[in-house]
Amino acid sequence: MLYSQTTAEAKRKDLRAKLASGTIQRFPGALNPLSAKLIEDKGFDGIYISGAVLAADLGLPDIGLTTLTEVATRAGQIARMSELPALVDADTGFGEPMNVARTIQELENAGLAGAHIEDQINPKRCGHLDGKAVVDMDTAAKRIRAAVEGRRDENFLIMARTDIRAVDGLAAAKDRARALVDAGADAIFPEAMATLEEFAAIREAVDVPILANMTEFGKSELFTVDQLDSVGVNMVIYPVTLLRIAMGAVEAGLDTINAQGTQGDLVESMQTRARLYELVDYENYNSFDNSVFNFQVPGTHR
């Protein structure tokens, strides 16, 4: 009832253990707190909180327009609804190295298990679009060192994302991944890898966990979990999948109402009231309410 019974500290230890387990971890992207509960209910390993989804939720493009306050607040609302660890997209850290350090502390306060900081310039772009630009190696390393210095819980995962593959090629991505690990990164997110062989090359370059981004309409083929596992990937995210499914259904539903004047034909494809009540634990709230507020107002009964 209410929020997760697992502490943020325990979730961070859980994430570390999962990444060291030898089993690839699947983190679908939650589009809201309710979807985080569903991700847990379906047996996934963790929750991913995408910057693109947070921006889209506000009706904004994914170009660095969201603020630290908006991201920390919404990410915290999502993370607290699940017993699973949550990893959040912290873009470029919302400023200079000192801002990056504060970003990590705010995300710790919000109950996140980890965050990734990327090496794009500001304003950033979606990682699977053309026209990206990255900062120099020194600046990228300073962001990660600041993140590591800023954290107070040693188990909070600092993941470094690099977008340099699309700019300077795979060799540069391998060099940058090594440098970011040297700067203190606990894990590497090599963005927009084109093939399994490229993931394998990053795996050979570093000895920390690596993440694969299986986003639709991007630069990477949508590899299966088994394919990614075979080249040593430790975590796979599906950042915008649930949002795209949901918004596709919403648009189709609105078209149906426009065309037919009723939502009647849509009811069979809807989540039922009973299933919604199950997800939000309605019965336990009702039982709690009845156990506390079981008095009678004086003078209303004889």
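1. Helix 5 (residues 97-109) and helix 6 (residues 137-150) meet at an angle of about 40 degrees. Their axes lie 8 Å apart. The model is predicted.

2. How do these helices sit relative to each other? Helix 5 and helix 6 are oblique to each other. An angle counts as roughly parallel under 35 degrees, and the angle here is about 40 degrees. Helix 5 passes helix 6 in a right-handed crossing. Helix 5 makes the contact with Pro97, Val100, Ala101, Ile104 and Gln105. Helix 6 contributes Lys142, Arg143, Ala146, Ala147 and Gly150.

3. Turn next to the aromatic rings. The structure holds 2 aromatic pairs. In one, the ring centres of Phe199 and Phe223 are 6.5 Å apart. Their planes stand at 85 degrees, so this pair is edge-to-face. Phe199 belongs to helix 9 (residues 196-205). Phe223 sits in the loop between strand 7 (211-213) and helix 10 (225-230). The pair therefore ties together parts that are 24 residues apart in sequence.

4. Tyr277 is partly exposed, with a relative accessible area of 35%. Tyr282 is partly exposed as well, at 44%.

5. One charged residue also deserves a look. Arg161 lies over the face of Phe189. The distance from the ring centre is 5.4 Å.

Notes:
Residues numbered from 1 in each chain as written. Predicted model: local features only at pLDDT ≥ 70, side-chain atom pairs only at ≥ 80, totals over all residues. Heavy atoms only, no water. Phe/Tyr/Trp six-rings, centres within 6.5 Å; stacked < 30°, edge-to-face > 60°. Helix = DSSP H or I, 4+ residues; strand = E, 2+ residues; numbered from the N terminus. Buried < 20%, exposed > 50% of the residue type's maximum accessible area, 1.4 Å probe, protein only. Lys NZ or Arg CZ within 6 Å of the ring centre and 35° of its normal. Axes fitted to C-alpha atoms, helices over the stretch in contact; angles between N-to-C directions. Parallel < 35°, antiparallel > 145°, perpendicular 65-115°, else oblique. Left-handed = near helix turned anticlockwise from the far one by under 90°. Contact = heavy atoms within 4.5 Å.
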